[in-house]
Amino acid sequence: MQAVLYQDYTFFTDVEANRRVYALRPAAPVPLAAYLPELTAFLDALGIDINKPAPPFDDLSDLCYDIQGTFFSAAGYELDFSAPGKYVSCVLRGGHGRITVEVFGIRL
């Protein structure tokens, strides 16, 4: 595992292993990478291809991602990304060596 730093947060994950997993996933029918470049860069730093989300974990999130890894917050994190006219929130939860990222607010 390697440390991935984002603002004041540290995540531990195997970025290259995550990239290999995401390389095998099918792409979403709509390209997502250009929606919010800062969000795309954050997910890419973790080894996540924004264009290849997993099926939603609940009925509320717009996009879901799952990787191997951990972080030091028992409650998880909520990170916000914005640009003019756009705002999304990423909720990160950890447990059992996995990080789940749910994205809320994508409006395509």
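Colleague: Which residues have the most contacts inside the largest nonpolar core?

Modeller: This is a predicted model, so local features need pLDDT of at least 70 and side-chain atom pairs count only at pLDDT 80 or more, while totals for chains, interfaces and linings use all residues. Residues are numbered from 1 along each chain as its sequence is written, and side-chain values use heavy atoms, with hydrogens and water left out. A nonpolar core is a set of buried Ala, Val, Leu, Ile, Met, Phe, Trp, Tyr and Cys residues joined through side-chain atoms within 4.5 Å; buried means under 20% relative accessible area, exposed over 50%, and partly exposed in between, with a 1.4 Å probe and protein chains only. The largest such core has 28 residues, and those with the most contacts inside it are F11, L39, Y65 and L92.

Colleague: Which elements give two or more residues to this core?

Modeller: Helices (H or I, at least four residues) and strands (E, at least two) are DSSP runs, numbered from the N terminus. In general, nonpolar side chains tend to be buried together in soluble globular proteins. Here the elements that give two or more residues are β1, α1, α2 (37-45), β3, β5, β6 (86-95) and β7 (98-104).

Colleague: How many aromatic pairs are there?

Modeller: Rings of Phe, Tyr and Trp (its six-membered ring) pair if their centres lie within 6.5 Å; planes under 30 degrees apart count as stacked, over 60 as edge-to-face and the rest as tilted. By this rule the count is 10.

Colleague: How many residues apart in sequence are the parts that F11 and Y77 tie together?

Modeller: F11 and Y77 form an edge-to-face pair, 5.7 Å centre to centre with 80° between the planes. F11 lies in strand β2 (residues 9-13) and Y77 in strand β5 (residues 77-83), so the distance in sequence between the parts they tie together is 66 residues.

Colleague: Is F11 buried or exposed?

Modeller: Leaving aside its neighbours within four places in sequence, F11 is in contact (heavy atoms within 4.5 Å) with residues including V4, F42, L79 and I99. Its relative accessibility is 0%, so F11 counts as buried.

Colleague: Is the pair of Y22 and Y65 stacked or tilted?

Modeller: At 2% relative accessible area Y22 is buried, and Y65 is buried at 0%. Their ring centres are 6.3 Å apart and the planes are at 40°, so the pair is tilted.

Colleague: Which charged end sits over the ring of Y22?

Modeller: A charge sits over a ring if NZ of Lys or CZ of Arg is within 6 Å of the ring centre and within 35 degrees of the ring normal. At 4.1 Å from the centre of the Y22 ring, the charged end is that of R25.

Colleague: Where is H96, and is H96 buried or exposed?

Modeller: H96 has a positive phi of about 55° although it is not a glycine. The residue is in the loop between β6 and β7. Its relative accessibility is 86%, so H96 counts as exposed.
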